[in-house]
Each structure stands twice: as C-alpha cells, then as structure tokens.
Amino acid sequence: MIRYVRAGIGLLAAGALLMIFACASHHTVKENVQDDELFIRAETLYNQGFHDRSFNVFLTYIQAYPKGRNLSTAFLRLAEIHAERGEYALARQYYDRLLQRAESGRFMEKAGIGILKLWFNQKQYHQAIDYAQTIKDDRLSSDGLIRKYAIVSDAWMALEVPEKAASVLAMAMNRVDKNNWNNLQDRFNRAIKEVGEETLRQLLAEVSDPDLKGVLTCQIADRQIKEEDYDQAVMSLSDLVAEDPENVAAGKAEEMMREIEDEAVYDFYAIGCLLPMTGGYRLFGERALDGIQLAFQEMIAANNRTDTAPPIKLIIADTGSTPEQALAAVRELADKKVAAIIGPLNSFREAIQEAEDLHIPIITLCQEEDIPAMGRYVFRNFLTPRMQIETLARYACLTRGLRRFAVLYPDEGYGQVFAGKFRDEIARYGGRMVGFESYNPGDTDFAKPIKKLAGAGFEALFIPDGPSNAGMIIPQLAYHDVDGALLLGTNLWYSPELIRTADRFARGAVLPADFWDTGLPGTEQSFSFRYERSFNEKPGFVAAVAYDTAAILMNILIHPDVRYRDSIIEQLENMESFQGVTGVTAFDSNGEVIKPLALVMIQDGEFIRVEETVVTAVEAGGGPAAGR
C-alpha cells in the first residue's frame, strides 16, 4: 500500500515537473520570438537607410533584452550610427562593449576596424596608426585586412608621408588574393605618384607579387619619361612586357612605349639653322651659315665612300630681325622634326623658350647673360661680356700686377654693360677704379672725357668700343698726354682696322681674340685657309663659332647611342673638351660654354698671342655654376 502511495507521489512530482518545464519552454520560445521581432524591425529600418529611426529601436532592444541573441549586432549598429553622427566617444563605448563580449571573430574584427576608423575620422592619425598595430593580421578576413590597411595608408597620406602609405599598401597587396588586390590598387597608385624614384626602386626590390612589380616598373618609367630619360624608360618597359606579357601592367607598359615613340620621334640627322637670312642682321646670318656649311662639307668629305656618309641634313629657317619671325621660325623647324637647333644670333627669348618648351636642344649664338638659364635644352656657344672681362681683369691684376684702373666707354648699351662689369671685376681682384668717363658714341673729338682722366694716375685704361672709335681715341690719348698706361679692349679690337687707324699708338694693347687659328697658315690644318678657299674671304668669329657648333652637333648625331633628344642633351652635358677652331669647348651644368679665351697683344702692326693667360668661363664666374 505504502509503495503504491509513494509511487503515486512520484508520478505526481514527475507530472508537476513536466508542467514546470513546459511552461518555461513556452516562455523561452515566446521571449525568443519577441527578441527576433524587435531586432528584425530595427535591422530592417537600418538597412532601408532610416538610421535615426532604427537607433531608437536598437536602443529599446538592448534595454529589453540585455542578454538577447542579437545583442552583438545591436551594439555594432549603435556604434556605427553614433560614428555617422560624429559622436565618437559614444561610438567608442559601444565598440568597447562589443569587444568585451568577444562573441566571435567577426564582431571582434568589426569592432577593431570601427575603432581604427574613429581615430581616423577624428584626425588623430598617429593614434590610428598606433592602434592598427594592435589588430593582428592573422585574425582578419581578407576584407578586414583591406579595410585596415586602407585606413592606415589614408592616415599616412593625411600626414603627408606617402612613402609610408605606399609601403603598407604594398605589404597588404602581397597578402591578399587578386580580387581583393584590385581594391587597394587605386590607393597604391595615388601613393606612389607622390614618392621619389629612390622609394619606388626600394619598393620594387621588396615586393614579391609580379603584378605589383609591374605597376612599380611603370611608375618608375613614368618618372624617367618626365625627365626625358627615354632610353631607360623604354628599356624598363620592354623588359616587363617581354618577361611577363600577362602582367596586369603589361598593357600600360605597351601604351607608354607607344607614347614615347610619338612624343620623342624626330629626324635623327636633321639640324635646324635658326639664322637671320633677311633684315639688318643678314650679313651675320650668312657668315654663320657659311661656317655651318663648311663643317657639313668636311664631315661628308671625311667619309671616303658615299654609302658610309652619315645622312646629316641642314634645314634653314629665317629669324629676320623680329622676335615674332624668330618664334615662327622655331615652330617651322619643330614641324620638320629637327633633332637640334643652331642659333639664333639675337637674344630672341620667346623663340628660345619655344625650343625649350618643345624639348628641342638649342645651342644659341648670342651674348645675353642669362640665356642658358632658360631651361635644360638651352645651351650657348659664344663669347659673353663676363668671359672677356674676367680674362682681362685676371691678366691685368694677376699676371701684370696692376692696381689702378680707368674706363673710357661709349654711353650706349654695349659700352655700359662692359664698363660696369669691368669695374665690378677689378674690385673683385683688389684693384681700384680711379677714373670712369663716358662719351657720345657719335663723337669724333674725345678731348673732354680724356682731359677728365688726365692726372688720375691709372696704370691701365679699358675702352669697350669698336675698332673705328677706338682707333680714333687711342691717338688722342697721346695728344693729351695720357700715355704710359696699358690699353685694354674687347674682342671688337681684333681687327686690322684698329691697327690701321691707331697705328703705333696701339702698340702693347691687349684684348681677347675672337678665335685663334692654331693650324699652320696656308695649309689644310688652318681653318682660315679652308674657309677662305671656299668663300673667298677671311672668316670672322661668327663663322668660326658656327663651324664649331655644327661640328659638335654632327659628332653627337652620328653617335650610335643617341636615339632620343634627351640623349643629345646628355652628350652635350658630358662633353669634356671638343677641340674646335675657337678653342677647347665644353658646357657646364647650366648649359653655359666653357671656353679658354686667347689674349693677344698688338706688336709691330700684328696681333701676337699672349701665352701666359688661359681663363675658362667657369673660372669667370668664380667657380662652377649651379645645376639647372
């Protein structure tokens, strides 16, 4: 009996327990349903773009279900909405609560990337970079890795350190698959455009991904193209295409090579002659052209067989006497794809600048001081006032030991420039200017300025004028008892007219020679002999320097390594010493000529070389000129 009662009690207890579990189960199911319904309503509003309305529903959800099944997503959404509003501190609180739950790797990744983004949005770029180091790459998905390094690279770019941005992007792109690789490529391209070529080469050595190497190779080639280093650019690009034709950058490399050919194409053997063939300077243009043609004829004659003669050709464009005509002449030569230009004889700056802008090497034959500074493609092969003045001042002060000087100059452009530079250069060498007088260049009686100089006690007198005026002034010096001083002149004195006019009074005068023909007179070694045989007159400096300039360019154009105009520039810049009829010639890093000047002295009606003075254009500036 008792057993049955006990059994009955057991049955009753079991039934009660079943009822309790049934009620609990029913309650849990009901709560889960309500949990899901409230979360789904919030999530739906969020996905539809109603973030403000969803915010209140998510907030209600976490308050109603502090242990809800979707609590992590709710924390994430609340953090994202606060971040959108710029409420970074509140956003950070929800990201921290999400990290504390550590429910899954997915939410930890989103919270970590979210906090990283908060630092960036607050413009706390260094904090963002530091925080990124706490996010381990091996715990991130490919998408998380991309987002992390996108933010870090943006932070480095905001800090204006593009080399760091490029480095972290390269590291990330080495670790992700190609689909995700493309998501970082735009950022990488922007970063590498801001870095130097050295950084690009360092990255190229560090990365292992072939496509990434291709992108970097194209960027390095782009820098070389901008520097007109076409040979190196083509070499790099052609190697890329040949070795890895399937590379993601191969198509870009081929396109760049086509652009190089279109941009750099020119007639390899065409020399443009930019000379005044009409107008007031026509005679000088003709003399220059004679010198150029003589160099051309001698180069052709030097090749015994016709089929071995280099196909050099001359294309002549007339500058006339105006800047407008000179500018049009440069454009005419550019249309004919000349390799390089000789001229102009005048300082037509617009025309010279046009050649520079078109990247056509141009060797000017004019005196204006700052012409070579106009650009990398501009050179000068001509005497300048600076070169002549330095040569005279150094000779007078150092070789002759003179200290007291006077200047008598025509009151016009040429005389003013030379007089001013002589005064400055004498002071640089420790000399003293004791007389400085001008005269009207149209005068024939120079008694007034000469009398002002009488009694000044100078040891040397500089007269920067042509042979006609100088030839009249020099005898008048003796007439007014101004004698015993060393007479100094410019290259304009290097003329038989001066000797004929000044006669014995010019004895001992010193001046720079236009050019000094080192060949034996009357033989093939003499440039003067060869020129006179061809043109029935003696050559002047313009013809001689044009001859040298043409010979320099011809020797360069037939060089097998010269394929682009930038190669012509490199050859000119690296030319150590060209043995020309106007002296040993080279160019400094500014494109200015380096040329020893020969000084001559008038003795017994002849010009005699002063052997002890050799001064270069570099020395004339007091030291090597700065690079362009």
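Which helices do the buried residues of α8 pack against? In this predicted model, the partners are α7 (142-158), α9 (178-192), α10 (197-206) and α11 (210-226). The residues of α8 on the buried list are Pro162, Ala165, Ala166, Val168, Leu169, Ala170, Ala172 and Met173.

Zooming out, the protein chain has 25 helices and 15 strands. Of its 628 residues, 48% are buried. Among contacts with a separation of 6 or more, 62% link residues 24 or more positions apart.

Now for the nonpolar cores. In soluble globular proteins, nonpolar side chains tend to be buried together. Here, the largest nonpolar core holds 66 residues, and Tyr61, Ile62, Phe188 and Ile192 are the ones touching the most other members. Leaving out residues up to four places away in sequence, Tyr61 touches Asp35, Leu38, Phe39, Gly68, Arg69, Asn70, Leu71 and Ala74. Apart from this core lies another, made up of 49 residues, including Leu383, Tyr547, Ala551 and Met554.

As for the cysteines, the disulfide count is zero, going by sulfur atoms within 2.5 Å. Cys273 counts as buried because its relative accessibility is 0%, and Cys366, with a relative accessible area of 1%, is buried as well.

Definitions and conventions
Residues are numbered from 1 along each chain as its sequence is written. This is a predicted model: local features need pLDDT of at least 70, side-chain atom pairs count only at pLDDT 80 or more; totals for chains, interfaces and linings use all residues. Side-chain values use heavy atoms; hydrogens and water are left out. A nonpolar core is a set of buried Ala, Val, Leu, Ile, Met, Phe, Trp, Tyr and Cys residues joined through side-chain atoms within 4.5 Å. Buried means under 20% relative accessible area, exposed over 50%, partly exposed in between (1.4 Å probe, protein chains only). Contact means heavy atoms within 4.5 Å. Helices (H or I, at least four residues) and strands (E, at least two) are DSSP runs, numbered from the N terminus.
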